[in-house]
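Please open the structure in a viewer and keep the selection panel at hand.

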Amino acid sequence: MRKIQMVDLQSQYEGIKDQVNTSFSKVLKSAAFINGPEVHAFQAALEEYLGVKHVIPCANGTDALQICMMGLGLEPGDEVITADFTFAATVEVIALLQLTPVLVDVEPDTFNIDVAAIERAITPKTKAIVPVHLFGQCADMDAIMDLAKKHNLYVIEDNAQAIGATHTFNDGSKKKAGTIGHVSATSFFPSKNLGCYGDGGAIFTNDDDLAHTIRGIVNHGMYKRYHHDVVGVNSRLDSLQAAVLRAKLPKLNEYNEKRRNAARKYSSAFKGQEHIVVPKTVNNCEGICDVCDCHVFHQYTLQITNGKRDALVAHLNENGIPCGVYYPIPLHRQKAYVDERYDEADFGVTNRLVDEVISLPMHTELDDEQIDFISKTVLEFVNG
Ligand SMILES: *Cc1c(COP(=O)(O)O)cnc(C)c1O
């Protein structure tokens with residue numbers, strides 16, 4: 001059996017080697033390292049793939065989130081509601097801009113932000129909601145968009161983990177994750193579903209004015225060369241990264257399907273297990289969705305309900321199986337983000353999830369032998 005990795009970028013590279021190497025030498029020969037033709041070509045290709053009017057590339061996903069908030073003109077003291085159970089980048093940029101983060105609980109089955117909790121947290125100071133499409137599927141965007149409309153709030157999607165996922169609305173219409181809210185942020189960190197070979201990110205929006213504002217912000221607040229109209233940042237996707245992304249984008253659906261396949265196999269192995277909760281897909285699919293692309297499985301995350309999660313992590317590692325705990329501490333309990341306004345009783349789900357979740361190896365190169373071995377090792381231990 002091949003060595004099991006959490007993410008296998010070496011094997012994935014073998015499949016796109018010729019194209020990446022050719023594009024790399026083209027960039028090296030042209031020396032157009034910044035804002036070269038590769039960046040523009042990738043941007044246009046991603047706009048077309050997503051069905052969104054504007055893709056604005058930038059340096060990483062954290063910058064993308066920050067720039068979304070700057071572009072919307074959020075100001076110190078404005079409250080921004082986001083999920084307690086996510087990667088820290090989401091709350092970090094809110095705090096960095098001196099906005100007030102308001103963390104709320106998530107749903108126990110999808111891990112995504114709890115809409116009833118958002119509603120309870122809205123005050124006259126609330127300006128935006130940041131749903132995080134955690135582990136690869138959209139938060140409840142029907143309800144979130146309705147709530148935002150009702151209270152006149154912006155919706156900024158954190159789409160770092162769900163690129164390529166499709167959200168089906170209650171009326172049956174469909175949109176790609178990241179094209180639903182007013183603006184959205186994504187990351188091309190190497191291990192993401194569409195990852196480059198360094199750092200990268202992008203902002204998506206259908207709003208022409210906002211796109212214009214953001215294009216200036218990413219470039220030192222310049223709309224005309226050496227005229228700085230607003231305080232901006234320096235945040236760019238470089239041409240070498242764009243070349244990798246351009247080679248990978250045509251394969252994104254296939255890559256995501258490979259992840260879904262692995263998820264299906266895992267979930268069928270764990271079906272009916274008393275102490276294991278398999279991830280739930282939102283489009284009311286039976287088990288793991290066979291027909292649509294609502295979930296792109298950035299992570300395949302189980303809940304181990306018999307208190308053996310930490311012991312299982314150790315057991316898997318002893319057997320040469322890497323795994324992850326995303327995330328081990330809720331944001332409201334992180335030193336940087338504690339706030340006396342928070343009440344532990346409001347975070348029942350996150351407080352439980354941090355002790356029960358475990359993410360198994362998930363990537364485009366997993367083979368059946370590896371999946372069987374991982375599943376068998378998990379089952380042996382949890383039932384042993
Ligand atoms: C990865 C990630 C980010 C940050 O992306 P970087 O490119 O690493 O800055 C933000 N939010 C979520 C949910 C992520 O998973």
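From which domains does the lining of the largest cavity draw at least three residues each? Domain 1 (9-250) and domain 2 (252-382) each supply at least three residues of that lining; these bounds come from an automatic or database domain assignment.

This is a predicted model, in which local features need pLDDT of at least 70 and side-chain atom pairs count only at pLDDT 80 or more, while totals for chains, interfaces and linings use all residues. Residues are numbered from 1 along each chain as its sequence is written, and side-chain values use heavy atoms, with hydrogens and water left out.

**Stop 1: the largest cavity**

Select Val 7, Leu 9, Gln 12, Lys 192 and Arg 259, which lie nearest the centre of the largest cavity among its 13 lining residues. On a 1 Å grid over the protein atoms alone, a cavity is a set of points where a 1.4 Å probe fits but cannot get out, and lining residues have an atom within 4 Å of a point. The volume here is about 80 Å³, taken as the space filled by probe spheres set on the points, which are joined across faces, edges and corners. The lining holds three nonpolar, six polar and four charged residues. In this scheme Ala, Val, Leu, Ile, Met, Phe, Trp, Tyr, Cys and Pro count as nonpolar, Asp, Glu, Lys and Arg as charged, and the others, Gly among them, as polar.

**Stop 2: the second largest cavity**

Next, select Asp 109, Phe 135, Lys 280 and His 295, which are among the lining residues of the second largest cavity. Its volume is about 40 Å³.

**Stop 3: the largest pocket**

Now select Phe 87, Gln 161, Phe 189, Lys 192 and His 298, the closest to the centre of the largest pocket among its 29 lining residues. A pocket is an open set of grid points with protein on both sides within 12 Å along at least five of seven lines. About 500 Å³ of space lies in this pocket. By class, its lining has 13 nonpolar, twelve polar and four charged residues.

**Stop 4: the ligand**

Finally, select the ligand together with Gly 61, Thr 62, Asp 158, Ser 187 and Lys 192, the closest of the 13 residues that surround it (a heavy atom within 4 Å). A polar backbone atom of Gly 61 is 2.7 Å from a ligand oxygen atom. A side-chain N or O atom of Lys 192 is 2.6 Å from an oxygen atom of the ligand.

Definitions and conventions. A polar contact is a pair of N or O atoms within 3.5 Å; within protein, one must be able to donate a hydrogen and the other to accept it, and residues adjacent in sequence count only if both atoms are side-chain atoms.
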